[in-house]
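Subject: Structure handover

Hello,

Here is the structure I promised to pass on. Please open it next to this email and follow along.

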Amino acid sequence: KNQIIYKEKEAIENIFIILDGLVESSSSKSIRDKFILHKGSSLGLIDVILGRSFSRSMKAKSIVSLAVVDKKNLKNILKSNAVAGVLIKSLAIDIDNKFPYLWS
């Protein structure tokens, strides 16, 4: 509880999936831009797909269990099927454009 999972602008090595607990997502762009993520939410997925560093900071608001996925594994999956990889990247770009600073 209250531990930083990662900070905005850090280089990404892993993405995370919340298995249990609550995580607060925040951005330096706006103090009002905080929200709580729950079980099943991914942390850093859009950022990895778009090839950037973490766009938000994540902090455990309760005791949290996370699944950790090496970003290399995700990139290998996207490369193994070029058409699916392009479609997923296109969807990530659309989501990021429609909801800037919301997804990570």
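One definition before anything else: a residue is buried under 20% relative accessible area, exposed over 50%, and partly exposed in between (1.4 Å probe, protein chains only).

Now the ground rules. This is a predicted model, so local features need pLDDT of at least 70 and side-chain atom pairs count only at pLDDT 80 or more, while totals for chains, interfaces and linings use all residues. Residues are numbered from 1 along each chain as its sequence is written, and side-chain values use heavy atoms, with hydrogens and water left out.

**Confidence**

pLDDT is the predictor's confidence in each residue, from 0 to 100. The chain has a mean pLDDT of 89. In all, 95% of its residues reach 70 or more. Confidence is highest in β1, at a mean of 97. It is lowest in β4, at 82.

Two terms come first. Helices (H or I, at least four residues) and strands (E, at least two) are DSSP runs, numbered from the N terminus. Two strands pair if DSSP finds at least two bridges between them. In general, strands of a sheet pair through backbone hydrogen bonds, either parallel or antiparallel.

Four strands make an open sheet here, in the order β1-β6-β3-β4. The pairing is antiparallel. β1 (4-6) and β4 (30-37) are at the edges, each with a single partner strand, so one side of each has no neighbour in the sheet. On average, neighbouring strands are turned by 30° against each other, direction ignored. Angles like this run from 0 to 180 degrees between N-to-C directions, and axes are lines fitted to C-alpha atoms, for helices over the stretch in contact.

Look at the pairs one by one. β1 is joined to β6 (residues 57-60) by two bridges. Ile4 has Lys59 as its bridge partner in β6. Four bridges join β3 (residues 23-27) to β4. There, Ser25 stands opposite Phe35. β3 and β4 form a hairpin, with two residues between them.

Arg32 counts as exposed, at 78% relative accessibility. Its C-alpha atom is 21 Å from that of Ile46, 14 residues apart along the chain.

**The three-stranded sheet**

Another open sheet has three strands, in the order β5-β2-β7. Its pairing is antiparallel. β5 (42-43) and β7 (65-70) are the edge strands, and each pairs on one side only. Six bridges join β2 to β7. Asn14 stands opposite Asp70 in β7. Helix α2 packs on this sheet and touches β2 and β7. The direction of α2 makes about 55° with that of β7. Contact means heavy atoms within 4.5 Å.

Glu13 is in the loop between β1 and β2. Glu13 is partly exposed, at 47% relative accessible area. Leaving out residues up to four places away in sequence, Glu13 touches Val69, Asp70 and Lys71. Glu13 and Lys71 are 58 residues apart along the chain, but their C-alpha atoms are separated by 5.7 Å.

**The nonpolar core**

A nonpolar core is a set of buried Ala, Val, Leu, Ile, Met, Phe, Trp, Tyr and Cys residues joined through side-chain atoms within 4.5 Å. The largest one has 16 residues. Tyr6, Val23, Leu37, Leu43, Met58 and Leu74 touch the most other members. β2 (14-20), α1 (45-49) and α2 (71-80) each supply at least two residues of this core.

**Salt bridges**

A salt bridge is a side-chain nitrogen of Lys or Arg within 4 Å of a carboxyl oxygen of Asp or Glu. How many does the whole structure hold? The search finds two.

Arg52 forms one with Asp47, with the closest N and O atoms 2.6 Å apart. Asp47 is buried, at 0% relative accessibility. Arg52 is partly exposed, at 29%.

Asp96 forms the other with Arg52, at 2.9 Å between the closest N and O atoms. Asp96 lies in helix α3 (residues 82-98) and Arg52 in the loop between α1 and β6, so the pair ties together parts 44 residues apart in sequence. Asp96 is buried, at 16% relative accessible area. Through shared partners, Asp47, Arg52 and Asp96 join into one network.

Best wishes
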